[in-house]
Amino acid sequence: MRVVLQRVKEASVSIDGQLHGKIGKGFILLVGVSDTDGEAEVDYLTHKISKLRVFEDEAGKLNLDINAVNGAILSISQFTLYADTKKGNRPSFTKAGEPKHADQVYEQLNEHLRQAGLDVQTGVFGADMLVNIQNDGPVTIIFDTDNK
């Protein structure tokens with residue numbers, strides 16, 4: 001799995017002009033799934049994301065996790081994280097997971113994050129979404145479970 005995590009002051013997602021999810025302080029997750037991803041990758045990412053200390057403490061150090069700041073998550077499926085741009089100018093997405101499998105793994109990640117006590121808002125898998133991000137920092141972390 002590949003996840004681009006950004007610390008945000010706020011973020012929202014709209015579909016067909018309708019607000020679908022909105023958070024204040026927290027993380028936006030852009031989530032890509034491959035066909036080989038499953039429970040082990042979900043467990044790994046749930047732990048990393050829920051414990052990641054990238055919020056400032058009273059001394060200004062990045063020392064607090066999302067729970068410590070009562071943050072929330074906006075999770076967006078994004079198969080384009082598996083784009084292959086080695087040949088030509090048109091990306092290939094053959095390394096992205098088959099949609100049914102990818103949707104199941106994406107939903108599993110969101111549910112595990114909820115079970116970890118986090119408020120998780122989502123987009124809609126496969127939908128054309130308008131995502132608004134107010135990046136904070138900026139702080140951007142890239143997770144790739146093939147490189148854990």
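Two strands pair if DSSP finds at least two bridges between them, and helices (H or I, at least four residues) and strands (E, at least two) are DSSP runs, numbered from the N terminus. The exercises below concern a predicted model, in which local features need pLDDT of at least 70 and side-chain atom pairs count only at pLDDT 80 or more, while totals for chains, interfaces and linings use all residues. Residues are numbered from 1 along each chain as its sequence is written, and side-chain values use heavy atoms, with hydrogens and water left out.

**Exercise 1. Strand S3**

Determine how S3 is joined to S6 and to S1, and state how many residues of S3 are buried.

Solution. Begin with S6: 6 bridges join S3 to this strand, and the two run parallel, with Phe27 standing opposite Ile73 in S6. Turn next to S1, which is joined to S3 by 7 bridges and runs antiparallel to it; here Val8 stands opposite Gly26 in S3. Finally, consider burial, where buried means under 20% relative accessible area, exposed over 50%, and partly exposed in between (1.4 Å probe, protein chains only). Because 7 of the 7 residues of strand S3 (residues 26–32) are buried, the strand is largely enclosed by the rest of the structure.

**Exercise 2. The buried side of helix H1**

Work out which residues of H1 are buried and what they pack against.

Solution. First list the buried residues of H1, which are Glu41, Val42, Leu45, Thr46, Ile49 and Ser50. They cover an arc of only 140° around the axis, which means that they are on the same side of H1; the arc is that of the directions from the helix axis to the C-beta atoms. Then look for their partners: the buried residues of H1 pack against S1, S3, S6, H2 and S8, where contact means heavy atoms within 4.5 Å.

**Exercise 3. Salt bridges**

Compare the placement of the Lys9 and Asp136 pair with that of Arg114 and Glu111.

Solution. A salt bridge is a side-chain nitrogen of Lys or Arg within 4 Å of a carboxyl oxygen of Asp or Glu, and a search of the whole structure finds 5 of them. The side chains of Lys9 and Asp136 meet in one of these (3.8 Å, N to O). This pair links distant parts of the chain, with Lys9 in strand S1 (residues 2–15) and Asp136 in strand S8 (residues 129–144), 127 residues apart. Asp136 is buried, with a relative accessible area of 16%. The side chains of Arg114 and Glu111 also form a salt bridge (3.7 Å, N to O), but both lie in helix H2, 3 residues apart, about one turn of the helix. Arg114 counts as partly exposed at 31% relative accessibility, as does Glu111 at 36%.
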